[in-house]
Amino acid sequence: MTPDICIECRENQLHITSDIAYAARQYVSATWDMDWLLTKRNGAKYTGGEFVHEMAHFWATRTTYNSTSGRYDINGVMRPDEHQTEVNNSIYTNLGASYAIYSGEWTSCITETYHGVDWEAWLKVVG
């Protein structure tokens, strides 16, 4: 939904994905709406659980292993203040990404739908 005049915003404003994963986790924690997690509604492409899983998948695959630090980096993102468009390892983005991965695992556990994911490997990214 970002206008064409701000291409950097459109391509690098990835922290919003983490915000949505956080909101989904809060919703489920507050309501225990298992129907939302397990059922596609109103022509939706995914169940809520699959939706959370896809956000976790996005972050698990968006990282780059840094052999110098022995950790995973998230490079080329925009911070939430939107004044810097090409930031590496933004604390907000990195924390949100790890929370999204943890949320994906949590959702898989409570719904018992693991989608064939090796969660140990994905959690290693969070490290």
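**Fold, burial and selected residues of the predicted chain**

Of the 127 residues in the chain, 37% count as buried, where buried means under 20% relative accessible area, exposed means over 50% and partly exposed lies in between (1.4 Å probe, protein chains only). This is a predicted model, so local features need pLDDT of at least 70 and side-chain atom pairs count only at pLDDT 80 or more, whereas totals for chains, interfaces and linings use all residues. Residues are numbered from 1 along each chain as its sequence is written, and side-chain values use heavy atoms, with hydrogens and water left out.

As for the overall fold, the chain has six helices and two strands, taken as DSSP runs (helices: H or I, at least four residues; strands: E, at least two) and numbered from the N terminus. Along the sequence they come in the order α-α-α-α-β-β-α-α. The radius of gyration is 15 Å, close to the 14 Å that the globule rule gives for 127 residues, so the chain is as compact as a globular protein of that length. That radius is taken over C-alpha atoms, and the rule itself is 2.2 Å times the number of residues to the power 0.38.

The chain has 9 positive and 16 negative charges, and their mean positions are 2 Å apart. Here Lys and Arg count as positive and Asp and Glu as negative, while His and the chain ends are not counted; each charge is placed at NZ of Lys, CZ of Arg, CG of Asp or CD of Glu.

Helix α2 (residues 15-31) holds Ser-18, and His-15 sits in helix α2 too. Ser-18 is buried at 5% relative accessibility, and His-15 is likewise buried at 5%. Leaving out residues up to four places away in sequence, Ser-18 touches Trp-59, Thr-93, Gly-96 and Ala-97. Its side chain also reaches the backbone oxygen of Gly-96 at 3.3 Å. With the neighbours within four places set aside, His-15 is in contact with Met-78, Arg-79, Pro-80, Tyr-92 and Thr-93. The C-alpha atoms of His-15 and Asp-118, which are 103 residues apart along the chain, are separated by 24 Å.

Another serine, Ser-98, belongs to helix α5 (residues 91-111) and counts as buried at 15% relative accessibility. The side chain of Ser-98 reaches the backbone oxygen of Asn-94 at 2.9 Å and the backbone oxygen of Leu-95 at 3.0 Å.

Asn-42 lies in the loop between α3 (34-38) and α4 (48-62) and has a positive phi of about 45° although it is not a glycine. Asn-42 is exposed, with a relative accessible area of 83%. Asn-89 is in the loop between β2 (71-73) and α5, and its phi is near 55°, a positive value in a residue other than glycine. At 31% relative accessibility, Asn-89 counts as partly exposed.

Methods
A polar contact is a pair of N or O atoms within 3.5 Å; within protein, one must be able to donate a hydrogen and the other to accept it, and residues adjacent in sequence count only if both atoms are side-chain atoms. Contact means heavy atoms within 4.5 Å.
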